[in-house]
Amino acid sequence: VGFLLPLIFILLRDFFNDRIMDLDELKRLSPIPVLSTVPASKQQRITVNEDRSVLAEGFRTARINLQYLNANVDRQVVGITSSSSGEGKTFCAVNLATVMALGHKRTLLIDADMRRPKVHERLGMEVGAGLSTYLIGEAGIDEVVRKTDIPGMDVITAGPIPPNPLELFESPRLAELLQQLRTRYDRIIIDASPMGVVSEFKILVHLLDITLYVVRQGFTRRARLRPLNELYRTDKFKRIDLLLNDVKISDGYGYVYEQFSRHADFTD
């Protein structure tokens, strides 16, 4: 009895658990390639003085894999989204932009989640004029682009929260903005709204070179992947890769994009 009761408890817990628990399970649940894994870390933000930390190495792997995914594209626009809040998309956007800038790429980070903007908080900045200010025509590009404490990395914060984010995203000014920014930066990272919650991302996706969909280990529910998988299988969402966040080191840290790992040397 002492042996069976704990065993029954463990089996029932696993049976009713509908969250993605590891890399192997994610690969079974989705045909979408996994770009990289991000190790669990108490460090929230990579800095110039901590650019060789475990967290930094995890994002550096993602950066190198992105480079091979779009080898023929000199200037990339990467959108980062997830199914809901709490999965770490802003965390991933800020740190991926940081390692790109530290890798000597002119990098711009844009907070396009105008319903729940968080990039300015991560960077320790005031809200100020931002994307919403530009889209309503009250500011120009040079007025919304701001320097960060990372050399080579600029940011456009979300700006004041508007009452109608969807209408602003439908404005032709968004496409014009990205077209002009492509001439100024090597990499543009966009922290987008959650794909499974609001509609803004469905407009933004057509302006991206690639989308990274953040899945958080032990948090993201399996059912969240079903609509995404369907879009991928029906060729409505081709340029997309998964990014598994908050992975315990023993559970798969260091995983490399398998399509290229057989043919390329992933050295920094």
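Begin with the open sheet of eight strands, whose order is β1-β8-β7-β2-β6-β3-β5-β4, with mixed pairing. Its edge strands are β1 (34–39) and β4, each of which pairs on one side only. Strands here are DSSP runs of E with at least two residues, helices are runs of H or I with at least four residues, and both are numbered from the N terminus; two strands pair if DSSP finds at least two bridges between them.

This is a predicted model, in which local features need pLDDT of at least 70 and side-chain atom pairs count only at pLDDT 80 or more, while totals for chains, interfaces and linings use all residues. Residues are numbered from 1 along each chain as its sequence is written, and side-chain values use heavy atoms, with hydrogens and water left out.

Next, select residues 76–82 and 210–216, strands β2 and β7, which run parallel and are joined by five bridges. Within this pair, threonine 81 has tyrosine 213 of β7 as its bridge partner. Helix α3 (residues 54–69) packs on the sheet and touches β1, β2, β7 and β8 (240–247).

Move to strand β5, residues 153–156. Which residues cover its two faces? Met153 and Val155 lie on one side, Asp154 and Ile156 on the other, and all are buried (under 20% relative accessible area, with exposed meaning over 50% and partly exposed in between, for a 1.4 Å probe and protein chains only). Four bridges link β5 in parallel to β3 (residues 107–111), where isoleucine 110 stands opposite isoleucine 156. Two bridges link β5 to β4 (residues 146–147), an antiparallel pair, and here arginine 146 stands opposite valine 155. Five residues separate β4 and β5 in their hairpin, where glycine 152 takes a positive phi near 85°.

Now display helix α9, residues 172–182, with its buried residues Leu174, Leu177, Leu178 and Leu181. Seen down the axis of α9, these fall within an arc of 90° and so line one face of the helix; the arc is that of the directions from the helix axis to the C-beta atoms. The face turned away from the buried side carries the exposed residues Pro172 and Gln179.

Of its 43 residues, Ile110, Leu131, Leu181, Ile190, Leu204 and Leu228 touch the most other members. A second, separate core of 31 residues includes Ile80, Leu96, Met125 and Met153.

Key. Core = buried A, V, L, I, M, F, W, Y, C linked by side-chain atoms within 4.5 Å. Contact = heavy atoms within 4.5 Å. Axes fitted to C-alpha atoms, helices over the stretch in contact; angles between N-to-C directions.
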